[in-house]
Amino acid sequence: LLQDLKNNAPQCDVFSSTDIAQYPALKQRGALANYTPQGAGTLLPAFKALADPGYYYPSSATSHLLIYNNQKVQPGDAPKAWTDLLDPKWKGRVATGHPAFSGCTGIWALALTKTYGWQYFEKLAKNNPRIGRSGNDPVTLINAGECLLGPAPGNTAFQQVDKGNPIKPVYPTDGAT
(Lines give C-alpha, C1' and ligand atoms only; values in the text may rest on other atoms or scores of the structure.)
Protein backbone atom coordinates (compact mmCIF):
# COMPACT_ATOMS: atom_id res chain seq x y z
CA LEU A 1 0.00 0.00 0.00
CA LEU A 2 2.81 2.42 0.82
CA GLN A 3 4.37 1.83 -2.59
CA ASP A 4 1.00 2.45 -4.23
CA LEU A 5 0.58 5.70 -2.27
CA LYS A 6 4.11 6.78 -3.15
CA ASN A 7 3.20 6.38 -6.83
CA ASN A 8 -0.18 8.06 -6.30
CA ALA A 9 -1.95 4.86 -7.36
CA PRO A 10 -3.60 3.21 -4.32
CA GLN A 11 -5.21 -0.11 -5.25
CA CYS A 12 -7.49 -0.83 -2.32
CA ASP A 13 -10.78 0.33 -0.88
CA VAL A 14 -10.40 -1.45 2.45
CA PHE A 15 -7.13 -1.92 4.32
CA SER A 16 -6.60 -4.27 7.24
CA SER A 17 -3.35 -4.89 9.07
CA THR A 18 -2.15 -6.75 12.14
CA ASP A 19 0.24 -3.84 12.79
CA ILE A 20 -1.86 -1.16 14.46
CA ALA A 21 1.01 1.35 14.16
CA GLN A 22 0.34 1.64 10.44
CA TYR A 23 -3.00 3.37 10.91
CA PRO A 24 -1.86 6.67 12.48
CA ALA A 25 0.82 6.96 9.78
CA LEU A 26 -1.76 6.40 7.04
CA LYS A 27 -4.12 8.91 8.64
CA GLN A 28 -1.32 11.49 8.84
CA ARG A 29 -0.71 11.01 5.10
CA GLY A 30 -4.40 11.62 4.42
CA ALA A 31 -4.71 8.06 3.10
CA LEU A 32 -7.71 7.05 5.22
CA ALA A 33 -11.27 8.03 4.43
CA ASN A 34 -13.57 9.01 7.26
CA TYR A 35 -15.92 6.05 7.76
CA THR A 36 -17.72 4.56 10.73
CA PRO A 37 -18.68 0.91 10.28
CA GLN A 38 -21.91 -0.52 11.59
CA GLY A 39 -21.31 -1.85 15.10
CA ALA A 40 -18.40 0.50 15.87
CA GLY A 41 -20.20 1.61 19.01
CA THR A 42 -20.28 -1.94 20.36
CA LEU A 43 -16.51 -2.30 20.70
CA LEU A 44 -15.34 -3.31 24.17
CA PRO A 45 -13.69 -0.46 26.10
CA ALA A 46 -10.18 -1.90 25.69
CA PHE A 47 -10.63 -1.95 21.92
CA LYS A 48 -12.30 1.48 21.80
CA ALA A 49 -9.10 2.85 23.31
CA LEU A 50 -7.19 1.57 20.24
CA ALA A 51 -9.58 3.10 17.72
CA ASP A 52 -9.57 6.52 16.10
CA PRO A 53 -13.30 6.99 15.55
CA GLY A 54 -14.16 7.56 11.94
CA TYR A 55 -10.76 6.38 10.71
CA TYR A 56 -9.73 3.02 12.11
CA TYR A 57 -11.05 0.35 14.43
CA PRO A 58 -9.66 -2.95 15.71
CA SER A 59 -11.25 -5.75 13.71
CA SER A 60 -9.62 -8.74 15.38
CA ALA A 61 -7.37 -9.63 18.27
CA THR A 62 -5.36 -12.69 19.18
CA SER A 63 -2.55 -13.89 21.41
CA HIS A 64 0.57 -15.64 20.24
CA LEU A 65 0.91 -19.13 21.68
CA LEU A 66 3.39 -21.93 21.28
CA ILE A 67 2.26 -24.74 19.03
CA TYR A 68 3.73 -28.13 18.24
CA ASN A 69 2.98 -31.08 15.99
CA ASN A 70 1.37 -33.56 18.38
CA GLN A 71 1.98 -36.50 16.03
CA LYS A 72 5.75 -35.96 16.07
CA VAL A 73 6.39 -34.46 19.51
CA GLN A 74 5.50 -36.35 22.67
CA PRO A 75 3.68 -34.33 25.35
CA GLY A 76 6.61 -34.72 27.77
CA ASP A 77 8.97 -33.18 25.21
CA ALA A 78 6.56 -30.41 24.19
CA PRO A 79 7.58 -26.79 24.74
CA LYS A 80 6.18 -25.11 27.82
CA ALA A 81 7.86 -21.68 27.61
CA TRP A 82 9.20 -19.40 24.87
CA THR A 83 12.71 -20.20 26.08
CA ASP A 84 12.16 -23.85 25.12
CA LEU A 85 12.50 -22.80 21.46
CA LEU A 86 16.17 -22.11 22.27
CA ASP A 87 16.93 -25.72 23.23
CA PRO A 88 19.48 -27.19 20.77
CA LYS A 89 17.34 -30.36 20.46
CA TRP A 90 15.02 -28.27 18.25
CA LYS A 91 17.74 -27.08 15.88
CA GLY A 92 16.25 -26.80 12.39
CA ARG A 93 12.79 -27.76 13.69
CA VAL A 94 11.44 -24.36 14.82
CA ALA A 95 9.23 -22.29 12.50
CA THR A 96 8.46 -18.60 12.88
CA GLY A 97 7.13 -15.67 10.89
CA HIS A 98 9.21 -12.59 10.11
CA PRO A 99 8.55 -9.38 12.06
CA ALA A 100 9.34 -7.19 9.03
CA PHE A 101 6.47 -8.79 7.08
CA SER A 102 3.96 -9.77 9.75
CA GLY A 103 2.56 -7.29 12.24
CA CYS A 104 1.43 -10.17 14.42
CA THR A 105 4.96 -11.60 14.46
CA GLY A 106 6.32 -8.10 15.06
CA ILE A 107 4.23 -7.77 18.21
CA TRP A 108 5.45 -11.21 19.34
CA ALA A 109 9.08 -10.25 18.71
CA LEU A 110 8.65 -6.98 20.58
CA ALA A 111 7.10 -8.73 23.59
CA LEU A 112 9.92 -11.29 23.75
CA THR A 113 12.55 -8.58 23.31
CA LYS A 114 11.04 -6.69 26.25
CA THR A 115 11.02 -9.88 28.32
CA TYR A 116 14.38 -11.44 27.39
CA GLY A 117 16.28 -8.80 25.43
CA TRP A 118 17.55 -9.09 21.87
CA GLN A 119 19.77 -11.97 23.06
CA TYR A 120 16.69 -14.19 22.84
CA PHE A 121 16.67 -13.87 19.05
CA GLU A 122 20.45 -14.24 18.83
CA LYS A 123 20.10 -17.57 20.64
CA LEU A 124 17.10 -18.56 18.51
CA ALA A 125 19.13 -17.85 15.36
CA LYS A 126 21.66 -20.49 16.50
CA ASN A 127 18.84 -23.04 16.25
CA ASN A 128 18.46 -22.22 12.55
CA PRO A 129 14.69 -21.59 12.60
CA ARG A 130 12.72 -21.73 9.40
CA ILE A 131 11.50 -18.17 8.90
CA GLY A 132 8.44 -17.51 6.77
CA ARG A 133 6.76 -14.20 6.22
CA SER A 134 3.36 -14.49 7.85
CA GLY A 135 2.69 -15.30 11.46
CA ASN A 136 0.60 -18.15 10.05
CA ASP A 137 3.52 -19.72 8.15
CA PRO A 138 4.62 -21.72 11.23
CA VAL A 139 1.16 -23.29 11.36
CA THR A 140 1.51 -24.53 7.77
CA LEU A 141 5.03 -25.88 8.34
CA ILE A 142 4.12 -27.57 11.62
CA ASN A 143 0.92 -29.05 10.18
CA ALA A 144 3.02 -30.56 7.37
CA GLY A 145 5.61 -31.91 9.83
CA GLU A 146 8.38 -29.91 8.12
CA CYS A 147 8.95 -28.17 11.45
CA LEU A 148 7.86 -29.33 14.88
CA LEU A 149 7.16 -26.23 16.96
CA GLY A 150 6.97 -22.47 16.99
CA PRO A 151 4.85 -19.42 17.74
CA ALA A 152 1.41 -18.96 16.19
CA PRO A 153 -1.60 -16.69 16.51
CA GLY A 154 -4.02 -18.37 18.89
CA ASN A 155 -7.03 -17.88 16.63
CA THR A 156 -5.29 -19.74 13.78
CA ALA A 157 -3.95 -22.45 16.08
CA PHE A 158 -7.37 -23.29 17.48
CA GLN A 159 -8.92 -23.31 13.99
CA GLN A 160 -6.40 -25.99 13.09
CA VAL A 161 -7.33 -28.03 16.16
CA ASP A 162 -11.00 -27.76 15.18
CA LYS A 163 -10.12 -29.08 11.70
CA GLY A 164 -8.42 -32.12 13.22
CA ASN A 165 -4.89 -31.10 12.22
CA PRO A 166 -1.92 -32.24 14.35
CA ILE A 167 -1.49 -28.89 16.10
CA LYS A 168 -1.37 -28.63 19.88
CA PRO A 169 -1.51 -25.09 21.30
CA VAL A 170 0.34 -24.34 24.54
CA TYR A 171 -0.09 -21.26 26.72
CA PRO A 172 3.56 -20.51 27.55
CA THR A 173 4.44 -20.45 31.23
CA ASP A 174 6.35 -17.22 30.56
CA GLY A 175 3.25 -15.59 29.05
CA ALA A 176 1.28 -15.55 25.84
CA THR A 177 2.05 -12.45 23.81
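Biologist: Why is lysine 27 called partly exposed?
Modeller: Its relative accessible area in this predicted model is 31%. Under 20% would be buried and over 50% exposed, so lysine 27, at 31%, lands in between and counts as partly exposed.

Biologist: What makes lysine 27 and aspartate 52 a salt bridge?
Modeller: Their closest N and O atoms are 2.6 Å apart. The cut-off is a Lys or Arg side-chain nitrogen within 4 Å of an Asp or Glu carboxyl oxygen, so this pair passes. Lysine 27 sits in helix H2, aspartate 52 in the loop between helix H3 (45–48) and E1, and the two are 25 residues apart.

Biologist: Why is aspartate 52 called buried?
Modeller: Look at its relative accessible area, 18%. Buried means under 20%, so aspartate 52 gets that label.

Biologist: How many salt bridges turn up in the whole structure?
Modeller: The search finds 2. Besides the pair with lysine 27, there's one where the side chains of glutamate 146 and arginine 130 meet, at 2.7 Å from N to O.

Biologist: Now the cysteines. How many disulfides does the search find?
Modeller: It finds 0 in the whole structure. Take cysteine 104: the nearest cysteine sulfur, that of cysteine 147, is 18 Å away. A disulfide needs the two sulfur atoms within 2.5 Å, so cysteine 104 is in none.

Biologist: What makes cysteine 104 count as buried?
Modeller: Its relative accessibility is 14%, and the limit for buried is under 20%. Cysteine 12, with 36%, counts as partly exposed.

Biologist: How do you know that E1 is mostly covered?
Modeller: Count its residues: 6 of 6 are buried.

Biologist: What makes E1 and E4 a strand pair?
Modeller: They're joined by 5 bridges and run antiparallel. Pairing takes at least two bridges, so they qualify. In one of those bridges, histidine 64 has proline 153 of E4 as its partner.

Biologist: And which way does E1 run relative to E5?
Modeller: Antiparallel, with 4 bridges joining the two. You'll find isoleucine 67 opposite proline 169 of E5.

Biologist: Why is proline 79 called buried?
Modeller: Its relative accessible area is 2%, and anything under 20% is buried. Proline 79 belongs to the loop between strand E1 (64–69) and strand E2 (95–96). Beyond its sequence neighbours, it's in contact with Leu66, Tyr68, Asp84, Leu149 and Val170.

Biologist: What about alanine 78: buried or exposed?
Modeller: Buried, since its 8% relative accessibility falls under the 20% cut-off. Alanine 78 is also in the loop between E1 and E2, where it touches Tyr68 and Val73, leaving out residues up to four places away in sequence.

Biologist: Why is asparagine 8 called exposed?
Modeller: It has a relative accessible area of 68%, and exposed means over 50%. You'll find asparagine 8 in the loop between helix H1 (2–6) and helix H2 (22–28). Its phi is near 55°, a positive value in a residue other than glycine.

Biologist: Last one: which residues form the nonpolar surface patch?
Modeller: Phe158, Val161 and Tyr171, with about 290 Å² of accessible area together. Tyrosine 171, in the segment after strand E5 (167–170), has 57% relative accessibility. A patch member needs over 30%, so tyrosine 171 clears that cut-off; 57% is also over the 50% limit, so it counts as exposed.

Methods:
Residues numbered from 1 in each chain as written. Predicted model: local features only at pLDDT ≥ 70, side-chain atom pairs only at ≥ 80, totals over all residues. Heavy atoms only, no water. Patch = residues over 30% accessible without salt bridge, like charges linked within 9 Å, V, L, I, M, F, W, Y side chains within 5 Å. Areas by Shrake-Rupley, 256 points an atom, 1.4 Å probe, with all protein chains shown as cover. Buried < 20%, exposed > 50% of the residue type's maximum accessible area, 1.4 Å probe, protein only. Contact = heavy atoms within 4.5 Å.
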